[in-house]
Amino acid sequence: MGGRSSAARDPHLEGEGPIELTIDIGPIQIYHFHEECRAEVTRALLRAGDLPFEDTRYNSSEWEQARQDTDGVPGICFGCLPVLTHGNFILAQSQATAFYAAELGIWAKGRIGTGSNRIRNRLYELMFLGVHAELQGAMFKCHYGSESFKRKFRDRLPNSVRNILVGIERMILSKAFPGPFLVSPEGPTVADFCVHNAVTSSFPGLRKLGVDLSAYPAILRLTDAVQANLTTKERRRGRVEPPQVPLPEGLPELWYFDSQGQAEVTRLTFAAGGVPFRDIRLTTAQWRDAKSNPNSVPSQLFKSLPCVRHSDIFLAQPRATCVYAAELGIWAQGRIGTGAEAIDNRAVELMVMGVHADLQTSMFRCLMGSTEAMHSARAALDSLVQPLLQGLERLLERKTCRGPFFICEDEPTIADLAVYDAVVSPLPGLQVLGVDLEGYEQIRALVQAVREDRRIARYIASQGGA
């Protein structure tokens with residue numbers, strides 16, 4: 001994370017031509033468990049990009065020892081796996097490691113195009129990383145807990161994943177080019193590897209768990225095509241670059257409930273970049289109507305929120321909507337740099353967004369369910385968030401950027417806005433839930449600096465805050 005001072009630049013296109021990477025900072029190493037689990041998409045992308053890597057796999061006792069060592073990898077991060085290192089660069093969170101592997105490999109080779117086409121396709125790739133995580137979350141419930149608990153979730157699994165699978169099937173069938181893949185006719189990209197892994201993985205995998213996929217023939221064709229690509233030597237072909245499709249003009253729409261939740265970091269990112277947007281907040285009745293209307297924005301995706309529509313761009317998943325807001329604003333303004341520097345900084349943004357999602361997961365448990373379940377979740381909250389907060393504090397202490405922010409010296413980026421939201425949001429937020437932040441000096445300084453940013457202060461005032 002290098003220090004940046006913000007400066008205006010050509011929105012969307014600078015640094016988005018063919019990438020001449022100057023990143024040569026040592027071997028890539030992946031740390032994870034012996035199972036495929038959350039690291040396998042990253043491994044597949046490294047192999048597809050012809051990027052050699054060392055694959056360190058822990059058993060349970062080795063991992064317990066490693067996570068306690070906060071001076072070593074991966075304990076220096078957040079007490080979770082996978083972790084990727086590239087020389088001195090350390091990255092946690094599975095979506096961030098997969099994104100980084102694609103940046104160095106198949107994306108750098110032009111698989112998802114250049115210029116505004118690359119930006120568009122990168123957003124869809126990120127959306128599918130979120131979809132993959134949702135599928136894995138549903139499948140993990142079938143592997144842990146009592147036998148009756150696992151059996152209950154295994155019975156529910158086909159219905160639990162139906163909206164996602166229907167959405168994927170529809171997207172494959174409606175894409176503009178022939179062939180089995182989602183993003184590029186030339187071969188599989190992140191989206192395809194995510195679908196392939198969700199179907200075929202030994203842990204967790206839809207086939208392994210007995211989900212009947214016969215109703216999704218396009219998904220099966222994609223899965224077979226990715227498998228064939230993995231097992232045969234790909235022929236090098238001349239690339240034909242399609243015409244550039246610029247990012248849309250006009251107001252983007254953000255769809256979510258009338259609360260902060262998983263959409264607030266996207267709202268903050270729009271605000272921080274000075275990007276006007278239409279903030280569509282649904283009541284429970286309106287959300288029910290939207291899910292039953294096949295022409296609604298959520299129904300054209302995965303029947304989930306948040307989602308964004310901007311002319312021909314439709315995006316679901318909170319990290320994808322947030323990154324789109326950044327592409328229109330703070331990233332286009334140069335806050336994360338360009339070229340190889342931006343590759344590292346985009347990965348850091350995604351890593352902190354992943355930590356934000358983990359914090360929200362723990363906090364939401366304190367606000368939903370039976371009174372007994374909420375009290376139990378609150379009792380466990382401090383110990384659950386401690387390694388995440390300690391990891392953020394260490395990350396802020398190690399950064400080379402001057403000032404309180406992660407990446408840019410004088411203005412916040414997504415990472416800062418995500419930490420701010422995790423701390424101050426009323427739904428859910430660490431302060432509201434009574435988590436003591438006294439020992440986290442760097443985090444408290446960051447939160448105060450975000451609050452004082454002129455655009456964020458204006459947004460807070462518009463929402464009735466002080």
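A salt bridge, as the term is used in this talk, is a side-chain nitrogen of Lys or Arg within 4 Å of a carboxyl oxygen of Asp or Glu. Good morning, colleagues. The structure is a predicted model, in which local features need pLDDT of at least 70 and side-chain atom pairs count only at pLDDT 80 or more, while totals for chains, interfaces and linings use all residues. Residues are numbered from 1 along each chain as its sequence is written, and side-chain values use heavy atoms, with hydrogens and water left out.

I begin with the charged pairs. Side chains of opposite charge can pair when their charged atoms come close. The names of helices (H or I, at least four residues) and strands (E, at least two) refer to DSSP runs, numbered from the N terminus.

For accessibility, buried means under 20% relative accessible area, exposed means over 50%, and partly exposed lies in between, with a 1.4 Å probe and protein chains only. Asp-258 is exposed at 58%, and Arg-281 is partly exposed at 23%.

A further salt bridge links Glu-253 and Arg-278, at 3.2 Å from N to O. Since Glu-253 lies in strand E5 (residues 253-257) and Arg-278 in strand E6 (residues 278-282), the pair ties together parts that are 25 residues apart in sequence.

Elsewhere, Arg-402 and Glu-409 form a salt bridge at 3.2 Å, N to O. Arg-402 is exposed, at 59%, and Glu-409 is partly exposed, at 26%. There is also a network of salt bridges that links Glu-40, Arg-43, Arg-47, Asp-55 and Arg-57.

I turn now to helix packing. Axes here are lines fitted to C-alpha atoms, for helices over the stretch in contact, and angles run from 0 to 180 degrees between N-to-C directions. The axes of H9 and helix H11 (residues 318-328) come within 8 Å and cross at roughly 0 degrees. The two helices, H9 and H11, are therefore roughly parallel to each other, a term for angles under 35 degrees.

Which residues of H9 meet H11? They are Val-265, Thr-266, Thr-269 and Phe-270, and among their partners in H11 are Pro-318, Thr-321 and Cys-322. Contact means heavy atoms within 4.5 Å.

Beyond its neighbours within four places in sequence, Thr-266 is in contact with Leu-254, Pro-318, Thr-321, Cys-322 and Ala-325.

Finally, helix H6 (residues 162-174) packs against helix H8 (residues 217-231) at an angle of about 75 degrees, their axes being 8 Å apart. H6 is thus roughly perpendicular to H8, a label for angles of 65 to 115 degrees. H6 contributes Leu-165, Ile-168, Glu-169, Ile-172 and Leu-173 to the contact, and H8 contributes Pro-217, Ala-218, Ile-219, Arg-221 and Leu-222. Thank you for your attention.

Note on methods: Parallel < 35°, antiparallel > 145°, perpendicular 65-115°, else oblique.
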